[in-house]
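Colleague: Could you put the model up and take me through it slowly? I am still new to reading these.

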Amino acid sequence: MEKTLPNNLKFFLTIVLIFLIGILLFLANNKASEYVILILNLMAINIIFSVSLTLINGITGIFSLGHAGFIAIGAYVSTLLTLSVSQKEMTFLIKPLIYPLNQIQLPFLPATLIAGLVAAGFGYIVAAPSLRLIGDYLAIATLGLGETIRIIANNAWSITNGALGLKAIPPYTNIYWSWGWAFVTVLVISSLVKSSYGRALKAIREDPIAAKAMGINVFSHQVVSFVLGSLFAGVGGALWAHLITTIDPKSFAFSKTFEILIMAVLGGLGSISGAIIGASIYTVGLEFLRVLESPFKIGFISFPGIPGMRMVVLSVLLIVLMLFWQRGIMGRKELSWDSVYALVAKRLKKRGGNDE
Amino acid sequence: MSNQTVLKIQDMHVHYGNIHALKGISIDVKAGQIVTLIGANGAGKTTTLQAITNLVRKSGGKVFFNDYDITHTSTHQIVNSGIALVPEGRRIFPNLTVYENLMMGAYARKDTESIRKDLDWVLTLFPRLKERLKQLGGTLSGGEQQMLAVARGLMTRPKLLMLDEPSLGLAPLLVREVFQIIQKIREEGVTILLVEQNALAALKIADYGYVLETGKIVMQDTGQNLLSSDNVRKAYLGVAIA
């Protein structure tokens with residue numbers, strides 16, 4: 001039997017951990033360079049994206065490739081709500097923005113919430129027809145869905161300003177917003193997954209027919225999971241738009257979905273803690289690899305910097321990783337205090353054994 | 001035991017595209033009985049169970065459960081109204097633990113106290129599962145998986161338990177064990193509809209049997225009478241008739 005820790009100790013440790021992360025973020029916000037703060041923001045937003053995709057893909061087993069579409073909806077909706085009226089007039093040169101969007105300006109929090117809700121509502125509308133499909137067909141349908149949203153954004157000039165995109169978005173996103181939302185996302189999704197409802201979602205992933213034979217309403221469970229995932233994708237999109245301050249339809253191409261899929265698969269599809277680890281490694285790793293794009297030296301050999309080189313190296317790294325670590329870093333396991341404790345206990349035991 | 005009909009199937013048809021898989025079958029399952037449906041590969045046995053629970057679409061006919069018309073009721077509602085299906089090939093959840101698998105059976109139930117009682121009951125029926133509660137379902141042996149599938153079905157607290165080929169791929173000793181457990185379950189007042197290729201074992205414990213051949217019921221009688229019928233012996237029991 002494996003050893004387990006008492007529940008209130010685990011709760012205490014979790015509170016301490018969250019508190020420590022909070023202090024670190026506070027320090028970073030005050031002392032670190034703008035570049036580091038940007039990366040920390042991106043990391044939190046990527047955690048939101050990959051955890052929400054993990055709920056849909058990894059936990060419920062709906063192979064969705066439309067995540068970028070919901071991110072786009074969140075980004076556009078929130079931006080249209082936070083841009084000032086005069087800024088909107090300046091931006092929409094080719095066709096004016098339709099009423100009532102051209103008259104409203106909202107603070108960041110309600111704009112983010114509405115962005116999430118609109119993305120969720122859209123998720124609800126598209127979930128019903130696409131979830132009638134299974135496997136590859138569902139993947140293709142959601143892929144088409146994501147692309148459709150992008151193409152609509154490209155052509156609906158009076159709402160999205162078409163290919164010109166939206167600029168001068170107020171940079172509201174800071175460490176507290178992004179990490180606060182990341183915390184909410186992880187809290188909501190992981191408590192859902194831990195509940196018996198989450199167990200039903202996993203059962204659907206494992207075997208939809210057997211899940212039906214257990215009296216689970218497979219369709220409604222899938223819809224709930226899809227809608228919740230879309231909601232957080234929309235929120236993440238809102239945060240992202242207000243971080244990089246300029247969006248256009250190209251930002252939400254299929255490669256965006258793919259990027260998130262890489263994070264989720266890297267961490268282990270089906271594990272929330274894996275999704276967090278995957279998003280963190282991907283965000284930071286991509287920045288470290290920037291070295292490759294400026295001239296550098298290894299020993300006596302000097303390399304010219306080639307733009308785009310980091311993506312090549314990253315791809316090779318991912319292929320190697322997938323060859324040797326097929327289920328990702330965490331597989332379907334979750335990081336818990338028990339598993340940390342078991343690991344530490346094992347290490348100590350080993351050391352004890354050596355002493356004898 | 002009352003002789004009330006629990007499940008009544010009237011003239012049920014199923015089409016797979018152009019293939020007429022079930023050509024109007026009628027079955028009665030009486031309360032407290034073990035009723036078996038035997039037949040060769042492709043006769044339509046599994047289709048019958050899937051059509052009852054609406055996992056495949058019926059193209060005609062009616063199904064009544066305790067006099068309620070469940071012809072068009074959705075699968076999860078049928079299961080929650082008291083029919084459990086233990087599907088062919090076990091279909092346990094491989095990456096959930098044995099305990100989680102069992103609790104999935106009780107998913108739609110709210111009464112924690114009686115769930116715990118039922119858990120104790122299925123664990124006394126299948127003591128081997130008790131030792132493996134924390135193990136992942138996929139790591140069990142074939143026989144243990146079959147037991148888990150039956151136990152999981154029982155956790156829905158069914159009035160009618162439908163078993164699809166519970167002996168499939170099991171060693172003879174295990175087959176005997178599974179059939180003994182089926183009888184024990186019946187003694188607890190659960191009505192059983194048993195679909196089997198292993199006609200001998202099924203008919204031995206059945207009160208009543210139906211023989212299905214290419215989508216039609218060709219014979220029906222008590223288990224004893226079917227066992228001694230020449231046609232059944234020749235076709236399904238492999239006994240040469242001189």
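Colleague: Which residue is the bridge partner of Phe64(B) in E5(B)?
Modeller: The bridge partner of Phe64(B) in E5(B) is Asp69(B). Before going on, please keep in mind that this is a predicted model, where local features need pLDDT of at least 70 and side-chain atom pairs count only at pLDDT 80 or more, while totals for chains, interfaces and linings use all residues. Residues are numbered from 1 along each chain as its sequence is written, and chains are lettered from A and ligands numbered from 1 in the order in which they are written.

Colleague: How do E4(B) and E5(B) pair, and what lies between them?
Modeller: Strand E4 (residues 60-65) of chain B pairs with strand E5 (residues 68-69) of chain B in the antiparallel sense, over two bridges (strands, E, at least two residues, and helices, H or I, at least four, are DSSP runs numbered from the N terminus; strands pair if DSSP finds at least two bridges between them). Together E4(B) and E5(B) make a hairpin with two residues between them, and Asn66(B), in the turn, has a positive phi of about 50°.

Colleague: And which strand does E4(B) join through five bridges?
Modeller: That is strand E1 (residues 5-16) of chain B, which runs antiparallel to E4(B). Within this pairing, Gly60(B) is the bridge partner of His13(B), and Val63(B) stands opposite Ile9(B).

Colleague: What is the order of the strands in the sheet?
Modeller: The sheet is open and has four strands in the order E2-E1-E4-E5 (chain B), with antiparallel pairing. Strand E2 (19-30) and E5 of chain B are at the edges with a single partner strand each, so one side of each is left without a neighbour in the sheet.

Colleague: New topic: how many residues does each chain give to the contact?
Modeller: Chain B contributes 19 residues and chain A contributes 16 residues (residues are in contact if their C-beta atoms, placed from the backbone, lie within 7 Å). On the side of chain B that touches chain A, helix H2 (75-80) and helix H3 (98-105) of chain B are the elements that give two or more residues.

Colleague: Which elements of chain A have the lowest and the highest mean pLDDT?
Modeller: Helix H15 (residues 337-355) of chain A has the lowest, 75, whereas helix H11 (residues 218-244) of chain A has the highest, 96 (pLDDT is the predictor's confidence in each residue, from 0 to 100). For chain A the mean is 89, and 97% of its residues reach 70 or more.

Terms used: Two residues are in contact if their C-beta atoms, placed from the backbone, lie within 7 Å.
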